[in-house]
Amino acid sequence: MENFETYNKILIEQAPTAIAMLDKNMIYLAVSKKWITNYKLENQKIIGRSHYEVFPEIGEEWKENHQKCLNGAIDICDEAEFVRADGTIQWIYWDVRPWYDSDKNVGGIIMHSGDITNLKKHDFEKERIEKVLEKTNEIARIGIWELNVLTQEVFWSKVVYEIHEISENHKPTVDSSIDFYKEGASRLAITNAVDNAINHGEAFDIEVEIITAKGSTVWARSIGQPEMVDGKCVRLSGMFQDIDTMKRSQTALNKANREMSAIFNSGSIAIITTDKRGIINHFNSAAESLLGYSASELVGKHSLEIFHTEDEIPKLKELLYSLQIGTGNSTIASNNAKISNLSDTREWIFKRKDGLSFPVQLTLNTIKDDTGNPIGILGVSFDITERKKAQDELLRKNQLLNFAEKITLMGNWQWDVVTNGLKWSDNMYKIFGVDKESGLKIDTYFSFIHPDDFDKVNKSIKECLNGLDFNKVVHRIRLKDGTLKIIQLSAVTTKNQEGKVIELVGTCLDVTTNKMAENKFRGLLESAPDAMVIVNEKGKIQLINNQAEKLFGYTLDELFEKPVEILIPKRFTGNDAHIGLRNGFFAKPKVKAFGVGSGKDLYGINKEGIEIPIQISLSPLQTEEGLLVSAAIRDITTQKQASRKILEAKENLEVLANKLTAQNTQLADFVHITSHNLRAPVSNLNSLLEFYNSSDTDEEKDILFDKFEKVINHLTLTLNTLIEALKTKSETDKVLEVISLDSVLSKTQEILSGEIIQSNIQITSDFEALKNVSYNKVYLESIFLNLMSNAIKYSSKEKLPKLHIMSEIIDKKIILSFEDNGLGIDLMRNGNKLFGLNKVFHRHPEAKGVGLFMTKMQVEAMGGKIAAKSKVNEGTTFIINLN
């Protein structure tokens with residue numbers, strides 16, 4: 001005993017790996033040097049100390065595993081996190097098993113362990129790098145693809161699916177991948193590139209357009225690299241990158257360059273440039289058309305003064321001086337002068353070569369060199385003769401507008417937010433009953449607002465000043481004489497370059513008369529028995545009655561100008577059918593009813609998110625403000641409940657009818673089983689009787705007589721079983737028994753003993769994988785009887801007949817196979833009717849076409865499947881998945 005332990009200690013101490021030997025009390029007997037260095041135990045006494053004293057951080061779970069090993073168990077772990085007492089983390093693996101003394105008793109345990117911390121750090125770093133790379137590819141929209149040329153299998157990475165805007169459930173093929181490329185140049189380019197890569201080993205890098213699964217056109221870069229083996233391409237792999245943004249930016253830049261070139265050479269905008277002295281050095285074709293001079297007449301010879309009238313030349317010289325540009329041959333600005341950021345846009349009168357004068361808008365800007373010093377001037381001008389005419393026309397129309405305001409009870413106003421200046425049209429003064437001579441301020445307007453409406457108007461103004469759009473506000477005003485009016489206030493804003501509102505311009509409409517008419521309409525609306533919702537052509541709610549407030553739980557203020565979809569469940573509003581229905585109604589408005597006898601259920605949704613079954617009647621209302629739609633909505637919850645009860649009763653009757661039908665079908669199947677299962681033993685008795693009659697000796701007759709007895713006994717047992725099964729047919733389908741496959745095979749061989757002798761068939765079996773099954777005994781015996789009798793019945797006369805029966809477990813499924821070497825079946829011709837009722841495939845007098853049909857019904861009744869593999873003149877294999 002002592003020599004044995006000493007020998008083990010020496011082996012452990014000199015072992016190149018981390019090994020420790022402990023006794024039954026978990027006291028160290030020996031450790032290897034690797035154990036000490038792995039766990040940083042240098043300068044510590046280990047031998048004789050408890051394992052749990054050396055490693056106080058060990059938890060109860062590990063201690064329990066050690067005790068199991070001391071009782072004979074083996075504990076193996078590939079990797080685990082070991083948190084040390086000092087907080088550091090080690091990743092280790094171990095193999096812990098008992099060691100035995102010379103008397104074969106457990107003397108303790110041997111621990112074989114290893115520190116894999118560095119490997120784990122490498123794995124973590126690799127995983128981190130892969131995640132960074134994957135994230136980079138996602139940001140750069142770069143995916144990978146691969147084509148196995150031999151199998152034609154195509155692989156796409158996640159990003160490739162995203163670029164194609166298709167689910168990862170899609171299985172790409174070569175043809176479907178090509179179909180994504182835009183017809184024409186792109187599809188031809190990728191087709192040629194792939195063909196050249198496969199046939200000639202040429203790599204490719206092309207930019208093409210694809211049409212995604214959602215119909216978007218996207219520019220992509222496709223890179224492919226062939227993998228050649230023995231001069232043949234076996235694989236194509238590469239990258240696929242979304243370059244749509246870059247491509248479109250490049251296209252936009254090219255377009256901008258073309259547009260700039262087009263502008264510079266525009267036929268309508270005259271562009272003239274000068275040098276620092278003011279001498280013309282560029283004169284485009286539009287300038288030639290506008291002024292009647294050719295470029296050769298002016299370039300290098302004249303200044304801008306040649307186009308201006310005598311009275312405007314002093315203003316031009318003053319402007320050029322401010323822009324640090326000379327006039328004529330004199331240089332006004334010094335070379336050392338600071339650059340000027342001045343530019344000027346104003347109206348001038350230009351003079352053509354033929355002496356005709358006309359108005360232009362001219363913009364002058366300084367041209368600067370790289371150091372910022374002025375080197376010339378750029379002038380851009382165009383004829384504004386038509387615009388001046390339009391301004392005159394606008395002035396005339398403003399006069400007409402003032403007249404229109406007088407007859408429509410509408411005024412307009414203008415508020416300069418910066419200076420707080422306020423301007424009113426004449427009609428504004430009339431609406432408010434104010435003298436035109438009185439001073440106007442913004443407070444003047446607010447002083448007329450009814451106190452109850454003040455906050456509403458003030459809120460809208462503040463929101464508008466903060467950059468929001470101004471919504472129409474209907475409010476009351478009280479004039480100085482006490483008259484009460486109802487006003488509709490509208491406005492638009494003007495903002496500066498920083499986006500701040502600097503001006504409000506709007507209208508003020510006296511709608512007092514309209515509101516009185518509206519109140520009358522409101523009274524009629526409230527008298528309606530149904531919930532009423534009025535919407536405009538944009539689908540925005542304008543009015544609801546009290547019944548609608550009760551039905552949906554919203555007030556009018558909460559719904560005003562809200563889309564009507566707020567009252568409709570989202571599953572109905574997000575589809576094209578809803579939008580098409582709404583647009584179609586406004587295109588051809590007429591009274592329509594929905595949800596009554598239409599076959600479609602309609603639902604509304606209230607403020608609490610509860611759906612309400614409804615029926616709707618839509619009616620168009622033609623008003624001065626445009627087409628409105630009145631929707632009468634009725635809650636039909638009670639009717640739906642009554643309808644549901646009727647449907648439930650109907651469904652219960654259908655279930656009962658289906659049960660009766662199923663029972664009749666089962667009874668018919670049982671009759672087939674009974675007749676078929678009795679036919680085989682009766683036929684077997686006839687065969688035995690022929691053998692008996694032709695026997696020459698008493699010994700042969702005695703042997704055959706014994707078989708008579710067994711067959712008769714089995715026939716009796718089959719009859720009794722079938723009788724009992726008939727009595728309790730509804731329960732038989734549910735009864736499962738643990739059945740020995742050998743016993744079923746033996747019983748079937750005894751039943752078919754006469755036919756087995758007559759055919760001389762060799763029957764072998766292999767039930768090692770599964771000897772017993774839980775199954776319906778009547779069905780299993782019938783399956784064996786049918787398939788074995790078929791193997792005998794359709795055996796070949798030209799070779800020794802054989803049948804092999806085997807059990808297997810494949811993917812947790814119980815499989816039975818019956819393999820014979822008989823006549824076989826032409827599955828190409830008869831495969832679709834192999835298991836059909838009364839279907840026969842050979843001219844055999846006993847063939848009835850019932851056996852395989854019954855077998856299939858029995859297998860499927862137990863939740864399984866049956867299939868067949870067969871070749872003519874080679875044999876047939878029936879494969880049954882029992883579960």
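1. Two strands are taken to pair if DSSP finds at least two bridges between them. Strands (E, at least two residues) and helices (H or I, at least four) are DSSP runs, numbered from the N terminus. Within S5, His-112 is the bridge partner of Ile-19. The model is a predicted one, in which local features need pLDDT of at least 70 and side-chain atom pairs count only at pLDDT 80 or more, while totals for chains, interfaces and linings use all residues. Residues are numbered from 1 along each chain as its sequence is written, and side-chain values use heavy atoms, with hydrogens and water left out.

2. Strand S5 (residues 106-115) has two antiparallel partners to report. Strand S1 (residues 18-23) pairs with S5 in the antiparallel sense over 6 bridges. Strand S4 (residues 89-100) also pairs with S5 in the antiparallel sense, over 9 bridges, and Tyr-93 stands opposite Gly-114 of S5. The hairpin of S4 and S5 has 5 residues between the strands, and Lys-104 takes a positive phi near 65° there.

3. Accessibility is classed as buried (under 20% relative accessible area), exposed (over 50%) or partly exposed (in between), with a 1.4 Å probe and protein chains only. Of the 10 residues of S5, 7 are buried, so the strand is largely enclosed by the rest of the structure.

4. H8 is followed by Gly-201, whose phi is positive, near 70°.

5. Ser-186, Ile-190, Ala-193, Val-194 and Ala-197 are the buried residues of H8 to note. They lie on the same side of H8, because they cover an arc of only 95° around the axis; the arc is that of the directions from the helix axis to the C-beta atoms. An α-helix has 3.6 residues a turn, so residues three or four places apart point the same way. The face turned away from the buried side of H8 carries the exposed residues Ala-185, Leu-188, Asn-199 and His-200. The cover over the buried residues of H8 includes helix H7 (174-179) and strands S8 (204-211), S9 (217-229) and S10 (232-242).

6. Rings of Phe, Tyr and Trp (its six-membered ring) pair if their centres lie within 6.5 Å; planes under 30 degrees apart count as stacked, over 60 as edge-to-face and the rest as tilted. The whole structure holds 22 aromatic pairs. Among them, Trp-35 and Tyr-39 have ring centres 5.0 Å apart and planes at 55°, so this pair is tilted. Trp-35 is buried at a relative accessible area of 2%, and Tyr-39 is buried at 3%.

7. Trp-62 and Phe-82 form another tilted pair, at 5.3 Å centre to centre and 40° between the planes. This pair links distant parts of the chain, 20 residues apart: Trp-62 is in helix H4 (residues 60-70) and Phe-82 in strand S3 (residues 75-83). Trp-62 is partly exposed at 22% relative accessible area, whereas Phe-82 is buried at 5%. One aromatic cluster is formed by Tyr-28, Trp-35, Tyr-39, Phe-55, Trp-62, Phe-82 and Trp-94.

8. A charge sits over a ring if NZ of Lys or CZ of Arg is within 6 Å of the ring centre and within 35 degrees of the ring normal. Lys-63 lies over the face of Tyr-52, at 4.9 Å from the ring centre.

Notes. Contact means heavy atoms within 4.5 Å.
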